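Biologist: I am new to this model. Could you take me through one packed part of it, closely and step by step?

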Amino acid sequence: MDFELMITSFPKLLNATLITLKLLIASLVFGLFIGLLFAILRMNKNLIVNKFAYGYSYVFRGTPLLVQIFIIYFGLGQIEYLRSTVLWVILKEPYWCAIIAFALNTGAYTSEILRSAFQTIKPGFIEAGKSLGISSKIIFYKIQIPIAIRQSLPAYGNEIILMLKGTSLASTVTLMDLTGVAKYIISTTFKPIEVFIVAGSIYLFMTFLIHTTIKYLEKKFSY
Amino acid sequence: MEILAFGKTGWGDELFYATLMTLAVSITAMLIGFIFALIFTPLKLSKNKFLNLIGNCYTTVIRGVPELLVIYLFFFGGSGAIMYVASIFGYYEYIEINAFITGSFAIGIISGAYSTEVFRGAIQSIDKGQFEASKVLGIKKHIQFYKVVLPQMLRLAIPNLSNVWQITLKDTSLISVTGLVEIMRQSYIAAGSTRDPLFFYSFAAVLYLLLTYLSMKLINKLEVKYSRGY
C-alpha cells in the first residue's frame, strides 16, 4: 500500500470530481426535460407519435451508452453539412457531445419512469379535479405532475446514481473527469489498487449523498 | 453494402466474429456473476452480522462505483496480482492475462452484484409457509433448497435476471478499452481505417439492439416456462 500516493492523488481526483458533477447536473437537467417530453408523447393517443416515443426509448435503452457517445462525438462530425451550421460550435467540443449523449440516454430512462408514474395515478384524482371545474391544463400541472414526481422519486434516484456512473464514460472522449484522471494516475504510477480506493471512495460518497437526499425527499413529499 | 461484405473486401466477417465475442464475454460474465451471487446471497441473508457486512459491502461498493473504474482496476491490476501470487511460489517471469479473462471477470463481478440483489429479493419473497411446510415434512436442508426454494425462486427471479442480462450485455462494450476485439473495438478499428465512424458505430448500435431484442424474446419464453401453474 502506497499511502503517499493516495494522499497526493486525492486533491487531483477531487478536482476532477468537479467535471464529473458538472456533467452529471447538466445531463440530468436536460434529461429531465427530454424525459418529460417523451413521457407526454408516449401517452398521446396518436399511434405515430406514440410509436416514435417508444422507439426512442427502446433504442437508447437497448444500446450501450458508449456507442451513443461515439456516434455523437466521432460520427456526427463526419456529416459535412453539420460542420457548416452553428451546431458545429457545440458538436466539436467533447464536453458538449458527452452531455448530449448522457442527456439523451437518461432522457430515455426518465421517460419510462415518468410514464409509469403517470399511469399509476388513480383516475379518481383527475375526476375529482374535473368535477371541481378545474381546466385540464391546470389538472395536469397541479395534480398529475406533483403526484407523478412523488411516485417516480425512488426509481429516479436509481437513475441519478446510474447516470453518475455513466459520466465515467466521458473519459473515453478525452474528458478528464474523475475516472479519466484516475486512469491517468494508474497508467503513470502502475498502482491501480490505491487509486481505485481513493476514486472509488469519492464515487461511493457521492452515491451515498444522492441516496440520502432522495430518501429525505421521499419522506418530505409522502402523503 | 460492399463495406459489410464477408472476406477481405469488407468488414462483415470481422463484425460477425466480434458479435460472437460480445456474446461469449456476456455469457461468461453472467455465469461468473452467478458464482459470485451463489457465494454472496447466503452472506446477505445470514443472521451473522459480520458475514452480513461482507455481503453488503460487495453489493454496495460494486453498484456504487462506475463499471469503467472496475475494469481499469482489473486491466491494470490483474496481471500484477497474479504475478504477486506467483512470486510467492517462486515464479518471477512476466505473466500476461488474456483480455477475455480479465474482461469477463471484471464484468462478472459487476453482474454478480446485481444478481445477488435479485436472488436475495426472490428468496425473501418466497412465502414463509413453504419453508415451514418442508421442515414439517422432514425434508433435508439441501433437498429443500433444490426442490422447494430454487424452483420458486427462479420464477420470481427471471424477470429481474433478464434486466441483469441486459446490463451485462451493454457493459461488455466497456471492455473494448482493454483491447478485446468485441463489437465496439471492431467498430473502432473499422471506423479508423475506413474513416467512416458514423456508419460503423451506428451499425454497432444495430447489432446491440439485435442482441438485446433476440435475448429478450428467448427470456420471455423461459419466463412462460417457469411460471407454469401460476
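Modeller: Start where two helices of chain A meet. From H1(A), the residues in contact (C-beta atoms, placed from the backbone, within 7 Å) are A:Leu5, A:Ser9, A:Lys12, A:Leu13, A:Ala16, A:Thr17 and A:Thr20. Across from them, H9(A) brings A:Leu178, A:Gly180, A:Val181, A:Ala182, A:Ile185 and A:Thr189. By class, this contact holds seven nonpolar, five polar and one charged residues (charged being Asp, Glu, Lys and Arg; Gly counts as polar). This is a predicted model, in which local features need pLDDT of at least 70, side-chain atom pairs count only at 80 or more, and totals for chains, interfaces and linings use all residues. Residues are numbered from 1 along each chain, and chains are lettered from A and ligands numbered from 1, in the order written.

H1 of chain A spans residues 3–42, and H9 of chain A spans 178–189 (helices are DSSP runs, H or I, of at least four residues). Their axes, lines fitted to C-alpha atoms, come within 7 Å and cross at roughly 150°. H1(A) and H9(A) are therefore roughly antiparallel (over 145 degrees).

Among the buried ones are A:Leu65, A:Phe70 and A:Tyr73. The buried residues of H3(A) pack against H2, H6 (94–119) and H8 (136–166) of chain A, together with H7 (183–194) and H8 (197–226) of chain B.

Terms used
Axes are lines fitted to C-alpha atoms, for helices over the stretch in contact, and angles run from 0 to 180 degrees between N-to-C directions. Angles under 35 degrees count as roughly parallel, over 145 as roughly antiparallel, 65 to 115 as roughly perpendicular and the rest as oblique. A residue is buried if 20 or more other C-beta atoms lie within 10 Å of its own, exposed if 12 or fewer, and partly exposed in between; C-beta atoms are placed from the backbone.
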